[in-house]
Amino acid sequence: MIQLQKPQWAYFGGEIRPWEEAVLHISTEAVNRGLNVFEGLKGYWQHDGSRFGIVAMPSHFTRLQRSARLLYIPFDMPYEKFESACHELVRRLYTKDRDMWIRATLFVVEGHWGEGTVSDLFLTAYHQEKKRPPAIDIGISTWQRANDVTLPPTIKTSTNYQVARLARIEGRSRGFSEMILLNQWGRVAEATGSCVLMVRKGQVITSPISEGRLDSITVQIVVHICRALGIEFTERPIDRTEIYVADELCLAGTLAELVPVRRVDEFVLPSETPTLDAVADRFWQVVRGSQPLDGIDLSMVEP
Ligand code: PMP
């Protein structure tokens, strides 16, 4: 096994300093977007304000395990331990007036080129406003989503987000807060931190995973909701031009939730969005616990 040397001195912050002091906080982009796999989970206060529920925790845990496995990162924590650690952190941080977003990051803390890999799970949690996201304008990026043999988009690793960072920088220069990334065939992959849902003729459509999108848990929830509401849901490749003439469009993700899209590049979309409104209304009933739906569970944090 390769032994990584630990010399006595290093240079950082403008001077020579002891090796042990060369540490970066987990919140820095250097660390946060380095070698790790992660999940973003959302917790909501339930409609009567009595309890706090974290959405689809087993699905997030399973995806974290899968991402770790695909990047040869050891992770053998049992689900129950993961769940109780999330609950414990949330209990320490939550306040009645706000929801929370929890980032579960499995950092590679030791090892070299995939030898001797050691991981450690870090949980951080942040307060979120308790309101539905307003409609946004988005652009289509000139940057491209990587593919399964370059940097597999199905692995939720922070290193995958370098291109997202470039797309967001590009978007800001064009007045957009979010961008859609196309794949190597010029078709829709996903947005930088969410998937794309398009409505045409009353049918909700999203790209298949093989088009370069994450296997989104929010999309899985939308599938359940559509089934309950009798709305047709289809996965098929989406061309760029279809997005411009969509009847309705929204982004779907745990942190993003369901964000209506008003304009894509210079194409203004119809202001009436009956299908996605119905889906979003039902989504809020599910996550707030006012009208649960079979197959979508909430992990309740006991006070
Ligand atoms: N795509 C990307 C690139 C994302 O970062 C996210 C957020 N996790 C999503 C899609 C949506 O996935 P999910 O619904 O599981 O949060």
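How far is a polar side-chain atom of Thr254 from an oxygen atom of the ligand? The separation is 2.6 Å.

A quick word on ground rules: this is a predicted model, where local features need pLDDT of at least 70 and side-chain atom pairs count only at pLDDT 80 or more, while totals for chains, interfaces and linings use all residues. Residues are numbered from 1 along each chain as its sequence is written, and side-chain values use heavy atoms, with hydrogens and water left out.

**Around the ligand**

| Residue | Ligand atom | Distance |
|---|---|---|
| Ser216 | oxygen | 2.6 Å |
| Thr218 | oxygen | 2.5 Å |
| Thr254 | oxygen | 2.6 Å |

On its own the ligand would expose 380 Å², and the protein buries 95% of that. Those areas come from the Shrake-Rupley method with a 1.4 Å probe; for residues, only the protein chains shown count as cover. Two elements give two or more residues to the shell around the ligand, namely α5 (217-229) and β13 (248-253). Helices (H or I, at least four residues) and strands (E, at least two) are DSSP runs, numbered from the N terminus.

The ligand is surrounded by 15 residues, and the closest are Tyr161, Glu190, Ser216, Thr218 and Thr254. To be near, a residue must have a heavy atom within 4 Å of the molecule or strand in question. By type, the shell splits into five nonpolar, seven polar and three charged residues.

**Helix α5**

Ser216 turns up again at the start of α5, where one of its side-chain oxygens reaches to within 3.2 Å of the backbone nitrogen of Thr218.

Which residues of α5 are buried? They are Ile217, Thr218, Val219, Ile221, Val222, Ile225 and Cys226. Buried here means under 20% relative accessible area, exposed over 50%, and partly exposed in between (1.4 Å probe, protein chains only). As background, an α-helix has 3.6 residues a turn, so residues three or four places apart point the same way. Just after α5, Gly230 adopts a positive phi of about 75°.

Ser141 sits in strand β7 (residues 136-144) and counts as buried because its relative accessibility is 5%. Its side chain does two things: it reaches the backbone nitrogen of Trp143 at 2.9 Å, and it makes a polar contact with the side chain of Glu170 at 2.6 Å. Leaving out neighbours within four places in sequence, Ser141 is in contact (heavy atoms within 4.5 Å) with Ala167, Glu170, Met179, Ile180 and Leu181.

Glu170 has 13% relative accessibility and so counts as buried. Not counting residues up to four places away in sequence, Glu170 touches Ser141, Thr142, Trp143 and Met179. Helix α4 also holds Ile169, which is partly exposed because its relative accessibility is 38%. Between Ile169 and Ser141 there are 9.9 Å in space, C-alpha to C-alpha, and 28 residues in sequence.

Is Met198 buried or exposed? At 0% relative accessibility, Met198 is buried. It lies in strand β10 (residues 195-200), and its contacts beyond four places in sequence include Val204, Ile205, Ile238 and Leu249.

Lys201 is in the loop between β10 and β11 (203-206). Its phi is near 50°, a positive value in a residue other than glycine, and Lys201 is exposed, with a relative accessible area of 83%. Asp265, in the loop between β14 (257-264) and β15 (267-268), also has a positive phi near 50°. With 7% relative accessibility, though, Asp265 counts as buried.

How values were computed: A polar contact is a pair of N or O atoms within 3.5 Å; within protein, one must be able to donate a hydrogen and the other to accept it, and residues adjacent in sequence count only if both atoms are side-chain atoms. Ala, Val, Leu, Ile, Met, Phe, Trp, Tyr, Cys and Pro count as nonpolar, Asp, Glu, Lys and Arg as charged, and the others, Gly among them, as polar.
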